[in-house]
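Please keep the sequence and the coordinates in view while reading.

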Amino acid sequence: MRFVIIIPARYQSTRFPGKPLAVLGGKPVIQRVYEKALSVLPDVYVATDDDRIFQTVEAFGGKAVMTRSDHKSGTDRIQEAAEKIGGDFDVIINIQGDEPFVDASQIETLMHLFDDETTQIGTLGKPFDTSCGMANVDNPNSPKIVTDKKGFALYFSRSVIPYVRGKEHDIWHEKFPYLKHLGVYAYRKEVLAEVTQLPQSSLEIAESLEQLRWLENGYRIRVGKTDIETVGIDTPEDLVKAEEFLKAH
């Protein structure tokens, strides 16, 4: 199979405008994401709607694709980019432009999910750090995943799922191995084209989680496991934490 990595990156961000161009350890964030992806696969593109990001990617020797500015999600953006790139790729991997610490092994785990021809969409889950009890699990900004015995997602939620009946909330993590969703995806080419044509679903609107649209429409999402923590950048404060993480690692 042939894989391609497409990194959606837009300049406008409510909490951190210009985030892909923010400097982390002497390099733009988008360059760090790109280089991590390039360490695994030769076919890597940045999909953007901003000329500043496009020029920056080309300046460091990367490949970029200009896309429309009216996309509602990164998934829609990578579908347009995939159409423009062309080629006989079988699987398209979506790595967010604000994930400079994505690990090569995580990308490889995503790829291996497609060794099974029944895999339509792949993503990653990581066991929650419960050294602080339920604090991390309770965070609604860290979606939870529950899977079936074969590793397919049953549901994603910002709420704590499952509910542990008959036990005090502060020890739930001792009774169930809660799984944190990491927002990287891979899609078979034809599946990506299909899911980007679907209208928003009721579950997606309720939880503000796009992947619920796919589940609600009958698509199956296989979940790979990783033990590696990543540090996403959503705010200027996150950039400071990322600098500290970079120095420590």
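In which helix is the place of Asp76? Asp76 belongs to helix α3, where helices (H or I, at least four residues) and strands (E, at least two) are DSSP runs, numbered from the N terminus. The model is a predicted one, in which local features need pLDDT of at least 70 and side-chain atom pairs count only at pLDDT 80 or more, while totals for chains, interfaces and linings use all residues. Residues are numbered from 1 along each chain as its sequence is written, and side-chain values use heavy atoms, with hydrogens and water left out.

Asp76 counts as buried, at 18% relative accessibility; buried means under 20% relative accessible area, exposed over 50%, and partly exposed in between (1.4 Å probe, protein chains only). Not counting residues up to four places away in sequence, Asp76 touches His71 and Thr196, a contact being heavy atoms within 4.5 Å. Between the C-alpha atoms of Asp76 and Ala64, which are 12 residues apart along the chain, the separation is 16 Å.

Helix α3 also holds Glu80. This residue is buried, with a relative accessible area of 9%. Beyond the residues up to four places away in sequence, Glu80 touches Met66, Thr67, Arg68 and His71.

Is Arg68 buried, partly exposed or exposed? Its relative accessible area is 45%, which means that Arg68 is partly exposed. Once neighbours within four places in sequence are left aside, Arg68 is in contact with Asp49, Arg77 and Glu80. From Arg68 to Ala47 the sequence separation is 21 residues, and the C-alpha to C-alpha distance is 9.6 Å.

Trp214 lies in helix α9 (residues 211–216). With a relative accessible area of 0%, Trp214 is buried. Its contacts, not counting residues up to four places away in sequence, are with Thr75, Ile121, Tyr185, Tyr187, Val195, Tyr219 and Ile221. Trp214 and Ser201 are 13 residues apart in sequence, and their C-alpha atoms are 8.6 Å apart in space.

Attention now turns to another helix. Which residues of helix α4 (residues 104–112) are buried? They are Gln106, Ile107, Leu110 and Met111. These residues are on the same side of α4 because they cover an arc of only 145 degrees around the axis, the arc being that of the directions from the helix axis to the C-beta atoms. In general, an α-helix has 3.6 residues a turn, so residues three or four places apart point the same way. The cover over the buried residues of α4 includes β1 (3–9), α1 (29–38), β6 (91–94), β7 (121–127) and β10 (179–188).

For the whole protein chain, the secondary structure comes to 10 helices and 11 strands. Buried residues make up 52% of its 249 residues. Among contacts between residues at least 6 apart in sequence, 67% join residues at least 24 apart. The C-alpha atoms fill a box of roughly 60 × 40 × 30 Å, taken along the principal axes. The radius of gyration of the protein chain is 18 Å, which agrees with the value near 18 Å for a compact globule of 249 residues; the radius is taken over C-alpha atoms, and the globule rule is 2.2 Å times the number of residues to the power 0.38.
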